[in-house]
Amino acid sequence: MISPPHSAPNNGAGGDRLFRLVTAGAAWLVLIILGAAAASMAWGGRLAFETFGWRFITGRDWDAVAGSFGALVPIYGTIVTSLLALLIAVPVSIGIALFLTDIAPRRLRAPVGMAIELLAAIPSIIYGMWGLFVFAPFMATHVEPWLNDKLGPLPFIGTFFSGPPIGIGLLTASVVLGIMIIPFISAVARDVFNAVPAPLKEAAVALGSTRWEILSQVTLPYTRSAIIGAVFLGLGRALGETMAVTFVLGNAHDLSASLLMPSNSIAAAIANEFTEADTDLYRSSLIALAFLLFVVTFIVLAAARLMLARIGRIHGRTH
Amino acid sequence: MKLFFAAAGAALLLAACHNNNSQNAASGQSAAAQITGAGSTFVYPVLSAWSADFARQSGAQVNYQSIGSGGGISQIKAGTVDFGASDQPLDPKELADAGLAQFPIVIGGVVPVVNITGIDAGKLRLAGPVLADIYAGKITSWNDPVITRLNPGLSLPGAKIAVVHRSDGSGTSFNFTHYLSQVSSAWKSGPGEGKTVAWPTGVGGKGNEGVAGYVQQIPNSIGYVEYAYVLQNHMAYTLLQNSAGNFVAPSAASFQAAAASADWKNARDFFLVMTNAPGANAFPITATTFILMHRQPKDKSRSDAALNFFRWALEKGQPQAKKLDYVPLPADLVSQVESYIGATIK
């Protein structure tokens, strides 16, 4: 007997549909959780936004006794440390990736690569402790006095490098953060540099390119979107990093142009003060800070997407 | 295959049921109350030592979470724990509104510490108004005439003072800023007192450990820590001038002198902050940790178990407290606390 056609692959279709439902459900769940988190933070922060309005973003006080809160110092600290960390980490990471894919002898590539990845496995509080007990004294005794003496007196950039050499502050926190995000960027960069088709690189060599020209004219343009994605991954980690920053940033609600002075970041402020926030306005201000961090991260990611799209339009998408 | 999985599942279920049953039997036998508490980080070392000894004696387990005084207050108000511990006392009105009773359990001191080359422990003398001006950023270098006048024999460097305070909200900060508000009207009208204040200058360390760590790392710094941290980390503490005009070193004796001269008899619900206590040998920044419990507890047996624990700690817990560099309550305060407990907590 020949079985009727409609009864043949029915189980497969049902299974497919279920699979589609489950995966779509997972994706929707992530979106819903994201939206719910943002909404609950906005709701929790509404008292602060109602009380202070736009002044919450521009206010410099953080006075729990007087009930006056302003987010400018934490936002400033977060953005400055993250951007400086990127400035330090991106060239180093791309250099590491280039070294591992191109320059290093083959037997060195695996151990060095593993060592870099181990950096990512170190818990952030260890970075904080290392920063406080080893790196900050080093900065205080060797680096900061030198910066103070040599660059402090200069007319314009002097304001960025003057201050008492206590070792903890924006500069130290930026360096520690930079070291923390190197493994993320270099791991992606290494994978993606390896994926550049060998014929492209060989053609460049045949035309007489130097290593730097291959990197800048062939590899980087080819891997552009992945590198920018990796950079923003690192930036996202730096924006939200709490424990390492709270050890070495100094937790001072002061706004100062100098990189040698202590400051505060959004994550550190929330971690330090949330359990003891006893008034509704105080708690609401901290939740409003969390919402602002969410907004900053969102803006940064949107900027990344726009930049990628623009570069893609001008130079052509590779993938 | 399916038979194997079914058999394995059945076996696991049976094992789980058996485990449950035997556990129930065991816990029924011990009949030990589980006492839960939360609050001040300062009191955690001595509370955990006491609870270990108490468990050995009576079998009752005390589970204490050191989440900070503010956390302890909100947890006991919400009724999620049997007792809360706070370094900042609640005023009688707040206690009455929340239906809470409050009594002191242990005393300690908040001690200014410095890190200046050549200045050992107990050498530097400071007065309250000077300390307030340092923390306000008005006195900026160690060889300021105000400081050198108090320390004629010491050679102080011309370096800038690096001020260290707490970054997190803390009962220690409350006691410290309460003292500064008492001795300096400029501080009182400026940053004021509280678990967190708008510190005019300086860096913030997280917890007593954070402040101790910063003071040890940063040269020419000053900070304030609980007495236990001064001893454990061998830090250079300062002498502080008390209200009688004497420069007093922090020690169990000077904290006890402050507690003895504090007017506990007239403090309703023990609402008293002991800073700037009168007394010739009293240390100015002496602090108490208070226990908060419900006056009409929902679970009477747990409340009674907790009260047993505290009575035991007040009467028999002195050696452990002293070993950990805390100061047990003086005897007449202990009897005042016990009669308060008997009268207030049903």
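Predicted model: local features only at pLDDT ≥ 70, side-chain atom pairs only at ≥ 80, totals over all residues.
In helix α2 of chain B, residues 44-58, B:D53 and B:R56 sit three residues apart, which means that about one helical turn separates them. Their side chains meet in a salt bridge, with 3.3 Å from N to O. As a general point, side chains of opposite charge can pair when their charged atoms come close.

How many salt bridges does the structure hold over all chains? There are 11. Between chain A and chain B, however, the count is zero.

That brings me to the interface. On the chain A side, 24 residues are in contact with 26 residues of chain B. The two chains bury about 1,900 Å² between them. Of that area, 54% is on carbon and sulfur atoms.

Now to chain A and its helix pairs. I will take three of them.

Start with helix α4, residues 72-103, and helix α5, residues 106-121, both of chain A. Their axes come within 10 Å and cross at roughly 160°. With that angle over 145 degrees, α4(A) is therefore roughly antiparallel to α5(A). The crossing is left-handed. Which residues make the contact? From α4(A) they are A:I96, A:L100, A:T101 and A:D102. From α5(A) they are A:R109, A:V112, A:G113 and A:I116. Sorted by class, the contact of α4(A) with α5(A) has four nonpolar, two polar and two charged residues.

Next, helix α8, residues 198-206, and helix α9, residues 211-222, again in chain A. Here too the axes come within 10 Å, and the crossing is at roughly 160°. So α8(A) and α9(A) are roughly antiparallel to each other. Is this crossing of α8(A) and α9(A) left-handed or right-handed? It is right-handed. On the α8(A) side we have A:L200, A:K201, A:A204 and A:V205, and they meet A:I214, A:V218, A:T219 and A:Y222 in α9(A). The contact of α8(A) with α9(A) divides into six nonpolar, one polar and one charged residues.

The last pair is helix α10, residues 224-240, with helix α13, residues 280-315, also of chain A. Their axes are 11 Å apart, and the helices pack at an angle of about 170°. That is why α10(A) and α13(A) count as roughly antiparallel to each other. α10(A) contributes A:R224, A:S225, A:I228, A:F232, A:L235 and A:L239 to the contact. From α13(A) the list includes A:L293, A:V296, A:T297, A:V300 and A:A304. Further along α13(A), A:M307, A:L308, A:I311, A:G312 and A:H315 also take part. By class, the contact of α10(A) with α13(A) has 11 nonpolar, four polar and one charged residues.

Key
Residues numbered from 1 in each chain as written. Chains lettered and ligands numbered in written order. Heavy atoms only, no water. Axes fitted to C-alpha atoms, helices over the stretch in contact; angles between N-to-C directions. Helix = DSSP H or I, 4+ residues; strand = E, 2+ residues; numbered from the N terminus. Parallel < 35°, antiparallel > 145°, perpendicular 65-115°, else oblique. Left-handed = near helix turned anticlockwise from the far one by under 90°. Contact = heavy atoms within 4.5 Å. Nonpolar A, V, L, I, M, F, W, Y, C, P; charged D, E, K, R; others polar. Buried area = accessible area lost by both parts, 1.4 Å probe. Salt bridge = Lys/Arg side-chain N within 4 Å of Asp/Glu carboxyl O.
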